[in-house]
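Biologist: I am new to this structure and would like to be guided through it. Could we look at it together?

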Amino acid sequence: MPTIPFLPYSILVGNLSILCLGLTVYWSQHWLGGFAWDGSRKMFNWHPVLMVTGMVILYAALVYRLPFSQMGSLLSRKVLHATLTLIAFISAILGLEVVFNFHNVQKIPNMYSLHSWLGLTAVLLFSCQWLMGFASFLLPWTPIWFLVLYRPVHLFFGSVILGLSTASCISGINEKLFMRLTNSTTPYSQLPAEAWFANILGMLILWFGMLVLLGLAIPGWKEANILGQPQLNGGGVGNQIERGVFSICFNL
């Protein structure tokens with residue numbers, strides 16, 4: 001794999017995330033009618049914004065490890081990781097709340113589409129991931145042997161959840177376009193301006209997810225390789241344990 005500088009790549013991914021969020025807000029405001037919290041169609045428009053924010057952008061920052069999140073002690077990085085995870089989870093729960101509320105007020109069935117199945121699966125896995133990560137990596141009494149066993153599972157489901165979230169966003173955009181443009185004067189098949197805009201948004205979200213997963217696949221970008229292993233003085237048992245815990249828990 002060709003050598004790619006970590007910092008410019010991170011800046012590219014960060015700018016792409018801002019672009020995806022900005023275009024999602026613009027679509028919701030300009031074409032979907034703006035925002036409200038009253039059970040109307042404007043309330044639904046919070047759903048794509050909150051889900052892209054929580055389940056794609058913030059979650060990608062968790063699995064990808066932005067440079068600022070790698071500063072400080074191991075404990076401070078783990079606390080920051082858990083805090084960002086909680087914020088992303090709250091955003092996702094609010095995103096689900098607005099769509100269920102809107103469907104119930106408008107008498108629309110819930111959980112009938114593939115998009116909804118993918119999205120709920122991602123959120124449920126995310127909640128399990130956060131609870132297991134908190135119990136495993138922040139609580140001090142977790143045995144080392146369990147960390148060794150659980151770490152690859154945690155990393156694997158991190159990538160799976162991001163992939164599910166990306167797929168859910170793309171399918172949601174497509175579903176919304178079919179609903180809005182099927183009976184319009186310019187149908188979806190003729191690619192009106194909104195269809196062009198939303199399709200491009202979906203492709204940008206796809207590329208964002210792919211770039212994040214590519215970053216995870218580059219061996220030289222593990223946290224210990226970017227920051228350097230901690231320099232621990234002495235060779236006693238305590239320092240050996242600290243080295244072992246760091247080697248097990250880094251990049252989580």
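The conversation below goes from the overall fold to single residues.

Biologist: What should I know about the model before we start?

Modeller: This is a predicted model, in which local features need pLDDT of at least 70 and side-chain atom pairs count only at pLDDT 80 or more, while totals for chains, interfaces and linings use all residues. Residues are numbered from 1 along each chain as its sequence is written, and side-chain values use heavy atoms, with hydrogens and water left out.

Biologist: How many helices and strands does the protein have?

Modeller: The protein has nine helices and zero strands. Helices (H or I, at least four residues) and strands (E, at least two) are DSSP runs, numbered from the N terminus.

Biologist: Where does UniProt place the "transmembrane region" feature?

Modeller: The unreviewed UniProt entry places that feature at residues 6-27, 48-67, 79-102, 114-141, 153-174 and 195-218. UniProt positions are given in the numbering used here, feature names are shortened, and annotations may be inferred rather than shown by experiment.

Biologist: What do residues 79-102 and 114-141 look like in the model?

Modeller: Residues 79-102 are 100% helix and 0% strand, with end C-alpha atoms 35 Å apart. Residues 114-141 are 86% helix and 0% strand, and their end C-alpha atoms lie 41 Å apart.

Biologist: What share of the protein is buried?

Modeller: Of the 252 residues in the protein, 43% are buried. Buried means under 20% relative accessible area, exposed over 50%, and partly exposed in between (1.4 Å probe, protein chains only).

Biologist: And which residues have the most contacts inside the largest nonpolar core?

Modeller: They are W27, M55, I205 and F208, in a core of 43 residues. The elements giving two or more residues to this core are α1 (6-30), α3 (46-64), α4 (74-105), α5 (114-137), α6 (144-181) and α7. A nonpolar core is a set of buried Ala, Val, Leu, Ile, Met, Phe, Trp, Tyr and Cys residues joined through side-chain atoms within 4.5 Å.

Biologist: Let us take F208. What does F208 touch?

Modeller: Not counting residues up to four places away in sequence, F208 touches V13, L16, S17, C20, V56, I57 and A60. Contact means heavy atoms within 4.5 Å.

Biologist: How far apart are V13 and F208?

Modeller: Their C-alpha atoms are separated by 6.6 Å, although the two residues are 195 residues apart along the chain. V13 is in helix α1 and is buried, with a relative accessible area of 4%. Leaving aside neighbours within four places in sequence, V13 is in contact with F208, L211 and V212.

Biologist: How much of the contact set comes from residues 24 or more positions apart?

Modeller: Such residues account for 72% of the contacts in the protein with a separation of 6 or more.

Biologist: Now S28: where is S28 found, and what does S28 touch?

Modeller: S28 is in helix α1. With a relative accessible area of 0%, S28 is buried. Its contacts, not counting residues up to four places away in sequence, are G33, G34, F35, N45, P48 and V49.

Biologist: And A198, is that residue buried or exposed?

Modeller: A198 is buried, with a relative accessible area of 0%. A198 is found in helix α7 (residues 193-217) and touches W27, I173 and L177, not counting residues up to four places away in sequence.

Biologist: Changing topic, how many salt bridges are there in the whole structure?

Modeller: A search of the whole structure finds one. R180 forms a salt bridge with E194, the closest N and O atoms being 2.8 Å apart. R180 lies in helix α6 and E194 in helix α7, so the pair ties together parts that are 14 residues apart in sequence. A salt bridge is a side-chain nitrogen of Lys or Arg within 4 Å of a carboxyl oxygen of Asp or Glu.

Biologist: Are R180 and E194 buried or partly exposed?

Modeller: R180 is partly exposed, with a relative accessible area of 33%, whereas E194 is buried, at 5%.

Biologist: Finally, where is T85, and what is T85 in contact with?

Modeller: T85 is found in helix α4 and is buried, with a relative accessible area of 7%. Leaving aside neighbours within four places in sequence, T85 is in contact with L62, F126 and W130.
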